[in-house]
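Please have a look at the structure with me, and I will then go through a few of its parts slowly.

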Amino acid sequence: MQRIFSGIQPSGVPQLGNYLGAIRNWVNLQADHECVFCLVDMHAITVWQEPAKLREHTLTQAAILLASGIDAQRHILFNQSAVSAHARLAWIFNCVARLGWLNRMTQFKDKAGKDRENHSAGLYVYPNLMAADILAYKATRVPVGEDQKQHLELTNDIAQKFNHDYGVEFFPQVEALIPPEAARVMSLRDGTKKMSKSDPSAQSRIELTDDADTIALKIRRAKTDTGVLPEDPSGLADRPEARNLVSIYAALSGKTVQQVLDLHQGQGFGPFKAALTEVVVNEIAPIALKTSQLLQDETHLVQMLHNGAQRAQAIAEPIVAEAEKLVGF
Ligand code: ADP
Ligand code: NA
């Protein structure tokens, strides 16, 4: 059975892009993989997090994952900072990865923008920590949204250089598992930016704790054009907002973009948004409800994460200890 590693930042309330790009896949992959799921709090602090909020978001995130169908008994769910192997291997990878490789990472450019000098060093070496997260478990498959593709290529470059430098085939190559539909969900306010839980505008995203009325309002206010839905996908080519709403509908309903257009072509966005709202509410409302129930018992969630961390540590510790030996520590 192949081992999966995947992470999500407890830097806010998970949003629909996290769900379609990652969480829903995680749930399905549990059937035939050994899964390690991580709340990556060390990644989250690469940008400022209020300590109390970080703690709160970690628990909310854990509850949402359980409510979405993650099985923390059969698989592993824990937070990153609880297993020191991540930080130790990340330091080694900081010394393996080349500056030139990191300079090519588009996520850093997107996040840092023009004000590059004022960001944390952590934000810059983020991809090295991500490589450590995965390779500390020698995981071979990583379900992520399309935004993480470049970071996984870097992970493979790091594994290869480590193996070459130390003269052993130690770390495996990893494969990205990227969902075909809605691999990149875009902001509801700006079709050129990805939907993100850390976007300052809560109107830009559907959060997995939103109730039906909030979801309806956000979709009603989502930016669109004045056109109608075209007959085929080429008619969405230069209409990012329209394309985004159609692909969200497709991903949630299990249809292709073409099938959605077959059903809705010729419609304006008024009726299409109403149909989309129904599809989103059907999927998200039960998760929001279950999440609020799970959050009633924080002690149970904390205990569950603690147990997950111990099981994660049992896998990662010997692998990272071996890597440290290869380095000469
Ligand atoms: P965020 O930007 O919301 O903080 P994370 O960095 O925590 O997201 O990413 C968690 C997972 O969710 C990753 O696998 C990432 O690829 C996926 N993901 C995040 N945003 C999107 C999006 N807009 N569309 C598709 N997948 C996404
Ligand atoms: Na993020």
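In what follows, Ala, Val, Leu, Ile, Met, Phe, Trp, Tyr, Cys and Pro count as nonpolar, Asp, Glu, Lys and Arg as charged, and the others, Gly among them, as polar. This is a predicted model, in which local features need pLDDT of at least 70 and side-chain atom pairs count only at pLDDT 80 or more, while totals for chains, interfaces and linings use all residues. Residues are numbered from 1 along each chain as its sequence is written, and chains are lettered from A and ligands numbered from 1 in the order in which they are written.

Let me begin with ligand 1, whose shell has seven nonpolar, 10 polar and four charged residues. Ligand 1 is surrounded by 21 residues (C-beta atom, placed from the backbone, within 6 Å of it), and the closest are Gln 9, Gly 17, Gly 21, Gly 145 and Ser 196. Helix 1, residues 16-29, gives the largest share of this shell, five residues, where a helix is a DSSP run of H or I with at least four residues, numbered from the N terminus.

Now to Asp 133, which is found in helix 7, residues 121-135. Is Asp 133 buried or exposed? Asp 133 is buried, because 27 other C-beta atoms lie within 10 Å, and the cut-off for buried is 20 or more such atoms, with C-beta atoms placed from the backbone. Leaving out residues up to four places away in sequence, Asp 133 touches Phe 5, Gly 7, Cys 38, Val 40, Gln 80 and His 86, contact being C-beta atoms, placed from the backbone, within 7 Å. With that same exclusion, Ile 134 touches Phe 5, Ala 139, Val 142, Thr 155 and Val 174.

Definitions and conventions: Helices (H or I, at least four residues) and strands (E, at least two) are DSSP runs, numbered from the N terminus. A residue is buried if 20 or more other C-beta atoms lie within 10 Å of its own, exposed if 12 or fewer, and partly exposed in between; C-beta atoms are placed from the backbone. Two residues are in contact if their C-beta atoms, placed from the backbone, lie within 7 Å.
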